[in-house]
Amino acid sequence: MSTQDPRPTDRTAPAADIAEITRLHREWWEANVGFDIDRMVKVFPEPGDEYLMFNFNGHPYFGMKEKVALWRWYKERIEQTGGLVTRIMRLEVRGDTAWLACEFSIEAEQLDGGEWTVDSVDATHGRATEIYHRDNGRGRPEWRMWHTQITALPDLAEARPGFDDSTASRGLGWVPWEPFPAAADAPAVEGTA
């Protein structure tokens, strides 16, 4: 019996890079629960003047000062109650730049009962693209997230145009390929030549 992954990939990346980027990804999303600003800022460049975010609310935020101000504003109005699930759909690492795509769900409630997304939908499911550079913002070769774009998912049961499936039928974050690159420096596994 072959131990080879049924979906082999030619994509490779150093194991340490894969581990650090996925660690930063987890820190970012876990910081969203309760709007943990101290935890969140460690994921991004410092001072972060050139950081760019396209937020779930549909608006852009320029630099970390604006991102922190947004989180303070949200923290007064939204209670992130947990229930966080993220599913990485793809991670690509190319030299000192990487991107990660994921889908997520998170439980949240407006403290004033209002709606907060640009399309007036109190959405709890979405997808995000995250761009990482091996630069901490001060020139040190440390991975940081330099850009993210977050959008709401369509209704989970809505059929994908041109196909007869939906997020609900596929499952959150499902993709037809291996989402992670193979670790370029991992030892070869016998029987997987």
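**Entry 1: helix α3**

Against which elements do the buried residues of α3 pack? I began with this question and noted the conventions before answering. The model is predicted, so I kept local features to pLDDT of at least 70 and side-chain atom pairs to pLDDT 80 or more, while totals for chains, interfaces and linings use all residues. Residues are numbered from 1 along each chain as its sequence is written, and side-chain values use heavy atoms, with hydrogens and water left out.

I took helices (H or I, at least four residues) and strands (E, at least two) as DSSP runs, numbered from the N terminus. I read contact as heavy atoms within 4.5 Å. The answer is that the buried residues of α3 pack against α1 (15–32), α2 (37–41), β2 (52–54), β3 (60–62) and β4 (78–94).

I then looked up the helix itself. Helix α3 covers residues 64–75, twelve residues in number, and its first and last C-alpha atoms are 16 Å apart, close to the 16 Å expected at 1.5 Å a residue. The expected span is 1.5 Å times one less than the number of residues.

For burial I used relative accessible area with a 1.4 Å probe and protein chains only: buried is under 20%, exposed is over 50%, and partly exposed is in between. On that scale Met64, Lys67, Val68, Leu70, Trp71 and Tyr74 are the buried residues of α3. They lie on the same side of α3 because they cover an arc of only 155° around the axis; the arc is that of the directions from the helix axis to the C-beta atoms. An α-helix has 3.6 residues a turn, so residues three or four places apart point the same way. The exposed residues Lys65 and Arg72 sit on the face of α3 turned away from its buried side.

I turned next to α1. Helix α1 has 18 residues and reaches 26 Å from its first C-alpha to its last, close to the 26 Å expected at 1.5 Å a residue. Its buried residues are Asp17, Ile18, Ile21, Thr22, Leu24, His25, Trp28, Trp29, Ala31 and Asn32. Ala19 also lies in α1, but is partly exposed at 43% relative accessible area. I found 9.7 Å between the C-alpha atoms of Ala19 and Ala183, which are 164 residues apart along the chain. Gly34 follows α1 and has a positive phi, near 85°.

Which residues touch the most other members of the largest nonpolar core? A nonpolar core is a set of buried Ala, Val, Leu, Ile, Met, Phe, Trp, Tyr and Cys residues joined through side-chain atoms within 4.5 Å. Of its 36 residues, I noted Ile21, Trp28, Met40, Phe44, Trp71, Tyr132 and Ile150. At least two residues each come from α1, α2, α3, β4, β5, β6 and β7 (143–152), and α1 gives the most, with six. Leaving out residues up to four places away in sequence, Trp71 touches Trp28, Ala31, Asn32, Phe35, Asp36, Ile37 and Met40.

**Entry 2: salt bridges**

I searched the whole structure and found 14 salt bridges, each defined as a side-chain nitrogen of Lys or Arg within 4 Å of a carboxyl oxygen of Asp or Glu. Arg134 and Asp17 form one of them, at 2.9 Å from N to O. This pair links distant parts of the chain, with Arg134 in strand β6 (residues 125–134) and Asp17 in helix α1, 117 residues apart. Asp17 is buried at 8% relative accessibility, whereas Arg134 is partly exposed at 23%.

Arg134 also meets Asp96 in a salt bridge, at 2.6 Å from N to O. Asp96 lies in the loop between β4 and β5 and Arg134 in strand β6, so this pair ties together parts 38 residues apart in sequence. Asp96 is partly exposed, at 45%.

Glu142 and Arg144 form a further salt bridge, with the closest N and O atoms 3.0 Å apart. I also recorded a network of salt bridges that links Arg11, Arg90, Glu92 and Arg94.

**Entry 3: confidence**

The protein averages a pLDDT of 85, and 83% of the residues score at least 70; pLDDT is the predictor's confidence in each residue, from 0 to 100. Over residues 117–121 the pLDDT is below 50, and this stretch has seven contacts in the model beyond near neighbours in sequence. Where pLDDT is low, the predicted coordinates should not be read in detail.
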